[in-house]
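Subject: Structure handover and notes

Dear colleague,

Please find the structure we spoke about directly below.

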Amino acid sequence: MLTFLFSSLLFVHGSILPSEPVNPPKPYGAIPSERQLKWHEMETYCLIHYTPTTFQNKEWGYGDADPAIFNPTQFDSNQIARAAASAGFKGLISVAKHHDGFCLWPTATTTYSVAASPWKQGKGDMVKDFMLATHANKMKFGVYLSAWDRNDMRYGTAEYAEAYRAQLTELMSNYGELFTSWHDGANGGDGYYGGLKEKRTIDRNTYYAWEEKTWPIVRKLQPMAMIFSDVGPDMRWVGNEKGFAGETSWATFTPEGLDGKKAVPGLVNEKTLTSGVRNGKYWIPAECDVPQRPGWFYHAEQDAQVKTPNQLFEIYLKSVGRGANMNLGLAPMPSGQLHDNDVKSLAAFGKKVDKTFKTNLAKDAQIKASTIREHSIQEYGTSYILDDDRYSYWATNDDEHQASLEIKLNGKQTFDIIQIRENIKLGQRLDSVLVEQKVNGQWVILTKATSIGANRLMKLENPVTTDELRVQLFAPVAITVSDFGLYKEYNEDFEFEGAGFKKLNAREFTVNSFSQSAKALDGKSETFASVQAYKKGFVFELKSDVLGLGYLPRQDGQTAGTATKYKIYTSHNKQQWEMVKEGEFSNIKANPILQQIIFDDVLKAKYIKFVPTETLTKDVFTVAEFELYSK
């Protein structure tokens, strides 16, 4: 009898129970800090752009707006926060100061702030309002502080750098616990600068003293706040504003500077931002920032171009589903609220995510592993793969770098999303995975992926119905898997209210022929015209009144010839021209979307002329498409 009991203690389902705990796998490479783990768990949050730029219908403010225009009549921070919460977002970031230099809190560092505006008789603090609304809707709060300031006449001097750090100190001290301190890479360039209206350059490597003086303020006052910039140090820009991480997206990263210099915000080799670096020196995962509309600020002409729930879901799959986090830009109207289309899309997106991932179709599966670490089912068995705990895990022995999991589902299941997670406390270990289904008794490849990390969501082209799967896993070290899931994407009909303005067809205008002009009017975004001599501009002969003009930059991933500034003229005879609009295409290098210029009034002229006055490559202009609009 004693022999039988002893044998039962040693063996369970053919596996030996160790008398002492088995050592866990050693961490591999760079590993996340505690603040980074909390950030990974958030997965999604929002960024709110709202400054005088909103009231100017611009994408970047020049810094010359009169504070008197900043007077939202129906400002409702709770409406904005409630809409974000309805989408399942876990945090809100207030753009406390954008490049225009206007501060949304009553700072002691400048007079260019809400204190100089008529909003709440100059007694308001919009950062605080956003913070209170965020917490009331059970989300975390963060702040964005632009290092560039196009209003401050001190910009470029040591005095401004100290004022910037004083602003950062105020924000880190007065708004409770923050989950992020967000620092844009844009700095240096033309601006108002107190009325001087000039271009200023800085030494980006030294001017802000990021590591020496600036980031230590965050570390001291907000030790759990993630610092964002092109180079981290806690999370990096993904290298685009589409919201997509790379198909391969490592959380490890080694920042590289330019011209042999140290990497700093705004001065970094961008080639590896999207993919990360396998075995990179630091754990600096990607954040995928993307606006809910074409631009970051509100423009009424974009009311019908709000991203749909399905578009947002694709971003979710290609950001959160690739081990990154999703940061969606919200743009309140001048009144101080989100437009109905934005609110409607957010709620529908939240419903879609909730219903898609509510039930793991693999939850009752039986999983057979090709190996279990030291045969220890209790510590590293396959049951941990389905326990909904991202830090419990199945593991192999140290010398086993290839393994498989055979998964027998509880009956046939129909799914189109496969989820796999690693326990990232032990680093990003897996190089790749291969998922197979059994068809007529044979294993057939279903899908595969690299760089698993904190979360991997593999979307199948079409739903699959099966009851048997096999996952093959490959790594340079012992393998760990913490979660496995199967899900079916939820879909329902969705429509926005209002169709926006009308794009004129080719019969309603003609354009003076120019080199490769056909490519700029063929309706194909993949083609583009490249023009050497363009200073005289491009003339359109109108057959109807026009409300605006659109310029789509080249869409091939290159920026040469992209226009950054423009002037628009009208004429009745092509002899005398009157300028009706001038401006800049802000942020077009990072976000090369269709640029829509909407006029203050409908133009009734016979001719309209578009002149690109500055491009990213001198003496060359490129255009994928020109468009004209009417009401």
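This is a predicted model: local features need pLDDT of at least 70, side-chain atom pairs count only at pLDDT 80 or more; totals for chains, interfaces and linings use all residues.

Residues are numbered from 1 along each chain as its sequence is written, and side-chain values use heavy atoms, with hydrogens and water left out.

Helices (H or I, at least four residues) and strands (E, at least two) are DSSP runs, numbered from the N terminus, and two strands are said to pair if DSSP finds at least two bridges between them.

Strand β22 itself is mostly covered, five of its five residues being buried, where buried means under 20% relative accessible area, exposed over 50% and partly exposed in between (1.4 Å probe, protein chains only). The cover extends to both faces, with Asp 483, Gly 485 and Tyr 487 buried on one side and Phe 484 and Leu 486 buried on the other.

Asp 483 belongs to β22, which spans residues 483-487, and it counts as buried because its relative accessibility is 4%. Leaving aside neighbours within four places in sequence, Asp 483 is in contact (heavy atoms within 4.5 Å) with Ile 385, Asp 387, Asp 388, Asp 389, Arg 390, Gln 419, Ile 420 and Arg 421.

Leu 92, in strand β4 (residues 91-97), is likewise buried, at 1% relative accessibility. With neighbours within four places in sequence again set aside, its contacts include Cys 46, Ile 48, Thr 134, Met 139 and Phe 179. From C-alpha to C-alpha, Leu 92 and Asp 259 are 36 Å apart in space, and they are 167 residues apart in sequence.

Gly 561 lies in the loop between β27 (546-552) and β28, and its relative accessible area of 0% makes it buried. Beyond neighbours within four places in sequence, Gly 561 is in contact with Tyr 551, Thr 615, Thr 617, Val 620, Phe 621 and Thr 622.

Nonpolar cores

A nonpolar core is here a set of buried Ala, Val, Leu, Ile, Met, Phe, Trp, Tyr and Cys residues joined through side-chain atoms within 4.5 Å. The largest has 76 residues, of which Val 127, Leu 171, Tyr 208, Tyr 316 and Phe 349 touch the most other members. Helix α6 (residues 158-174) gives the most to this core, with six residues. Apart from it lies another core, of 36 residues, among them Ile 372, Ile 407, Val 471 and Leu 486.

Pockets and cavities

On a 1 Å grid over the protein atoms alone, a cavity is a set of points where a 1.4 Å probe fits but cannot get out, while a pocket is an open set with protein on both sides within 12 Å along at least five of seven lines, and lining residues have an atom within 4 Å of a point. Grid points are joined across faces, edges and corners, and a volume is the space filled by probe spheres set on the points.

The second largest pocket holds about 820 Å³ of space and is lined by 34 residues, with Lys 58, Tyr 566, Glu 582, Gly 583 and Glu 584 nearest its centre. Strand β29 supplies the largest share of that lining, six residues.

There are two cavities of 30 Å³ or more. The largest cavity contains about 70 Å³ of space, and its 15 lining residues include Ser 249, Ala 251, Arg 322, Gly 323 and Gln 428, which lie nearest its centre. The second largest cavity has a volume of about 30 Å³, and among the residues lining it are His 40, Glu 43, Gly 323, Arg 390 and Asn 455.

With best regards
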